[in-house]
Structure formats: structure tokens, C-alpha cells
Amino acid sequence: MKIFIDTANLDMIREIDSWGILDGVTTNPSLIAKEGTDTRTRVNEIAKIVDVPISAEAMSSASEDMIKEGRELSSIHPNVNVKLPMGVESLKATKVLSGEGIDINMTLIFSAQQALLAAKAGARYVSPFVGRLDDIGMYGSDVMRQITDIFCNYGYDTEVIAASIRGPMHVLEAASAGCDIATVPYSVLQQMVSHPKTDEGIRNFIRDYEKSKK
Ligand code: G3P
């Protein structure tokens, strides 16, 4: 499974890239705003640091405007894919932009039916929001599994990005459901590394090594 980082923070991107595990970066307007910058500037900066797919979200509402904005965003760098929020206008824009070879990441996906429509319109990626589904008392993992089943049944090559990941269990559920990608916050990546028994084991080995030197 590919691992993307869900952040617009340059230090976090550098750090996770240095771990040798980074396959992509996803941003959204909230993550960009947190960094006190704008999408074009920050995506440009990210593209200079890492050579991986980078999602940049279009904010227009009408399909004609989304198409223009999508072209502008994709012109920032060849690695940029355009995030569009699920809806009729986005489906129309996806048809046009994907026809031009621009990769679309259909975001804010909350059902397998939405994912099916996005794939049919030509989206390169769909992003089901697992954490926000859990927030409203639904099983995000069920939706991820339904999407991967449908894409497998019909041979869609649209990749599934498990998004709105809140903890290591969501990553496990995404991997078990066969998602192609999980986009993971920095803090969750750190949690994934740690295990109390690993820490205990290291402490014990150091203690025994020190004793054996005497
Ligand atoms: O990739 C989408 C993600 O950033 C949303 O996460 O935690 O705001 O639901 P969250």
C-alpha cells in the first residue's frame, strides 16, 4: 500500500520523506490555511522538496470554473493532481480534465455509489473520508471495502485513497480493505512506528549490553 502524508507542512514532509516511506502528499484548503500560505505557493514549494504526486484542491463551484482552476493547478508542476469535491459539477469537470490527461482526486467521498460515479467519470483517485464517517456513527471501513470490491469487480483502475485517517487502526483497516493508498497525518505516522514492547525490548537489550561490558 502506498503511503501519502496528509499535510501542507514542509518540515513534516521532509521528515517523512527521510524515513523512506513517502509515496505522495495530499493537501486541502484547511491544511494550507493552517500553514498561513496559499495553495499555489505551497504546492510549488512541496514539488521542490519531493518527487511524488501532490494533491491540490480546486475551490470553484461551477464546472467551467473548476476546469479553468484545474488547468491552472496542474500547470504548477507535472506531479500535481487536482482535488475536486464530489458532486455533479465536479463529475463534469472530471470528464473534461481527465480527458486532457490531468489526474483528478475526487474528494469528500462518503459512499461507494459516489466512488463508482467518480471512477466512471475518469477520476484517477477517490478519497473516502473514513474518520468523518466514523464521526457520524457509520463504519468508514465498510465503505472502503465496498469501494475496493466494486473497483475490483469491474476492473476500474481508479486508486482508492483512504483519507480522514485519525489513528493507526484506520491505516490497518485501509490496508485490510485493499485500499491502494492511505493519506496519513504526521502524528499518526509517528504512532505507527511505536510499540511499547519495542521500547521495552530496546531498554532491556541496552541494560544487558551494559552489564556484559563489565
Ligand atoms: O485528506 C482529507 C483529510 O485531511 C480530512 O481529515 O481529519 O479533517 O477529517 P479530517
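**Exercise 1.** Determine which helices each supply at least two residues of the lining of the largest pocket.

*Solution.* The helices are α2 (29-34) and α10 (186-193), where a helix is a DSSP run (H or I) of at least four residues, numbered from the N terminus. The largest share of this lining, three residues, comes from α2. A pocket is, on a 1 Å grid over the protein atoms alone, an open set of points where a 1.4 Å probe fits, with protein on both sides within 12 Å along at least five of seven lines; lining residues have an atom within 4 Å of a point.

The structure is a predicted model, in which local features need pLDDT of at least 70 and side-chain atom pairs count only at pLDDT 80 or more, while totals for chains, interfaces and linings use all residues. Residues are numbered from 1 along each chain as its sequence is written, and side-chain values use heavy atoms, with hydrogens and water left out.

**Exercise 2.** State how many residues line the largest pocket, and which lie nearest its centre.

*Solution.* The lining comprises 23 residues. Nearest the centre are Asp6, Asn28, Leu31, Lys34 and Pro185.

**Exercise 3.** Identify the residues that surround the ligand, then find the distances from Arg132, Ser164 and Arg166 to its oxygen atoms.

*Solution.* First, Asp6, Asn28, Lys83, Phe129, Arg132, Ala163, Ser164, Arg166 and Thr183 surround the ligand, each having a heavy atom within 4 Å of it. Next, a polar side-chain atom of Arg132 lies 2.6 Å from a ligand oxygen atom. For Ser164, the corresponding distance is 2.6 Å; for Arg166, it is 2.9 Å.

Definitions and conventions. Polar contact = N/O pair within 3.5 Å; in protein donor to acceptor, adjacent residues only side chain to side chain.
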